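Hello,

Here is the structure I promised to pass on to you. Please have a look at it first, and then read my notes below.

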Amino acid sequence: MKNFIFDFYGTLADIRTDENDEKFRKRMAKYFGCADFWKRYVSLCKEQETGEEYCEIDLLKVFEQLSPDNSAQAAKYFRDKSRSKLKLYAGARAMLKKLRKGGARLFILSNAQACFTVEELKKLKITQYFDGIELSSDFGKKKPSPQFFGHIVDKYSLDKTQTIYIGNDFCTDILGAKAAGLNSAYIKSNLSPKADSLGQALAVCGFATDNFNQLVKYLLSL
């Protein structure tokens with residue numbers, strides 16, 4: 001296999017955020033100088049929605065309205081204060097290194113906000129392993145959008161027969177990849193939807209496991 005496209009959160013990285021925490025919301029209200037901050041934030045998010053299928057908004061545009069003179073820093077502060085955990089799954093870095101050493105091209109295709117995720121990729125020090133990183137907030141549509149999957153295939157001239165998508169969400173990752181004509185592998189992680197099962201994944205994709213070491217072994221064998 002020449003091309004490996006990874007989902008990010010729940011597949012390569014474990015993360016925990018809580019935007020519903022009362023202390024977090026009070027802190028945001030103070031930072032943005034807005035007593036009804038959360039109501040304003042939700043309203044601005046809804047204004048960005050187009051109504052199109054699989055629409056993905058760009059949260060940076062929301063922060064540009066909340067903090068016109070310092071939107072990028074405001075977005076970073078928001079994310080930093082809502083996040084309590086961010087780390088790679090054990091074995092992820094070594095896997096990426098081995099795949100690269102073997103001559104594979106690596107990519108990320110993820111439902112994510114660039115104003116959050118670019119910084120988190122840097123924190124984890126893994127950007128150097130990837131030939132391309134495509135995030136839904138930049139594209140305007142999210143998985144399982146066939147257009148989003150097709151975008152990365154077209155942009156990097158990927159041969160679908162030599163490409164596999166790896167993700168932890170059956171509906172968005174596995175069914176999305178299948179609809180786009182891509183082979184896939186499924187990892188049931190701590191961030192996978194509770195309704196997901198290995199059985200349903202195996203009926204659709206080439207490999208499914210709830211053990212990251214087994215996933216690594218499988219990908220390295222391709």
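Helices (H or I, at least four residues) and strands (E, at least two) are DSSP runs, numbered from the N terminus. E134 has its place in one of these runs, strand β5.

A word on where this comes from: the model is predicted, local features need pLDDT of at least 70, side-chain atom pairs count only at pLDDT 80 or more, and totals for chains, interfaces and linings use all residues. Residues are numbered from 1 along each chain as its sequence is written, and side-chain values use heavy atoms, with hydrogens and water left out.

Let me stay with E134. Is this residue buried or exposed? Buried means under 20% relative accessible area, exposed over 50% and partly exposed in between (1.4 Å probe, protein chains only). E134 counts as buried because its relative accessibility is 8%. Its side chain makes a polar contact of 2.8 Å with that of H151 and another, of 2.9 Å, with that of K155. (A polar contact is a pair of N or O atoms within 3.5 Å; within protein, one must be able to donate a hydrogen and the other to accept it, and residues adjacent in sequence count only if both atoms are side-chain atoms.) Leaving aside neighbours within four places in sequence, E134 is in contact (heavy atoms within 4.5 Å) with several residues, among them I108, F148, I152 and Y156.

Next comes helix α8, residues 146-155, where F148, F149, I152 and V153 are buried. They cover an arc of only 140 degrees around the axis, so they sit on the same side of α8; the arc is that of the directions from the helix axis to the C-beta atoms. In general, an α-helix has 3.6 residues a turn, so residues three or four places apart point the same way. The buried residues of α8 pack against β1, β4, β5 (132-135), α7 (136-139), β6 and α9 (170-179). After α8 comes S157, with a positive phi near 50 degrees.

Finally, strand β1 (residues 3-6) is covered on both faces: N3 and I5 are buried on one side, F4 and F6 on the other. Two strands pair if DSSP finds at least two bridges between them. β1 runs parallel to β4 (residues 105-110), joined by four bridges, with F4 opposite L106. Four bridges also join β1 to β6 (residues 163-167), again in parallel, and N3 has T163 as its bridge partner there.

Happy exploring!
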